Amino acid sequence: QVQLVESGGGLVQAGGSLRLSCVASGSIFSTNFMGWYRQHPGKQRELVATITSGGFTNYVDSVKGRFTISRDNAKNTVYLQMNSLKPEDTAVYYCYYNAHSAYWGQGTQVTVSS
């Protein structure tokens, strides 16, 4: 089992920044895949950014150049630095971990006011 605890969400004005963190604990494999997804009200969960344990990253087009995903393998922590936030970034953001099985965090609300 793997537990994921997210933090860093909140309310910010458009153009502002937030940094999300997600700490993984439990049966962590050294080779894994972590990332962030988000869910807008009434819509399906969508990928935001992912990062492998080797540091390879992937982003959805709408956040490229504004968001940066990173990780600290020693701390089993993944981060999402979100800059130049837009109202359309408002969503619940979920941390994701996958090695042999997939796990999700409880979600953290990000609200961007115009």
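Guide: What follows goes through the salt bridges pair by pair. This is a predicted model, in which local features need pLDDT of at least 70 and side-chain atom pairs count only at pLDDT 80 or more, while totals for chains, interfaces and linings use all residues. Residues are numbered from 1 along each chain as its sequence is written, and side-chain values use heavy atoms, with hydrogens and water left out. The structure holds 4 salt bridges, a salt bridge being a side-chain nitrogen of Lys or Arg within 4 Å of a carboxyl oxygen of Asp or Glu.

In one of them, arginine 38 pairs with glutamate 46, and their closest N and O atoms are 2.7 Å apart. Arginine 38 is buried, at a relative accessible area of 4%, whereas glutamate 46 is partly exposed, at 28%; here buried means under 20% relative accessible area, exposed over 50%, and partly exposed in between, with a 1.4 Å probe and protein chains only.

Another salt bridge joins arginine 66 to aspartate 89, at 2.7 Å from N to O. Arginine 66 lies in the loop between strand 6 (57-59) and strand 7 (67-72), and aspartate 89 in the loop between strand 8 (77-82) and strand 9 (91-98), so the pair ties together parts that are 23 residues apart in sequence. Strands are DSSP runs (E, at least two residues), numbered from the N terminus. Both arginine 66 and aspartate 89 are buried, and a network of salt bridges links Arg38, Glu46, Arg66 and Asp89.

Aspartate 61 and lysine 64 also form a salt bridge, with 3.0 Å between the closest N and O atoms. Aspartate 61 is exposed, at 62%, and lysine 64 is partly exposed, at 48%.

How values were computed. Helices (H or I, at least four residues) and strands (E, at least two) are DSSP runs, numbered from the N terminus.
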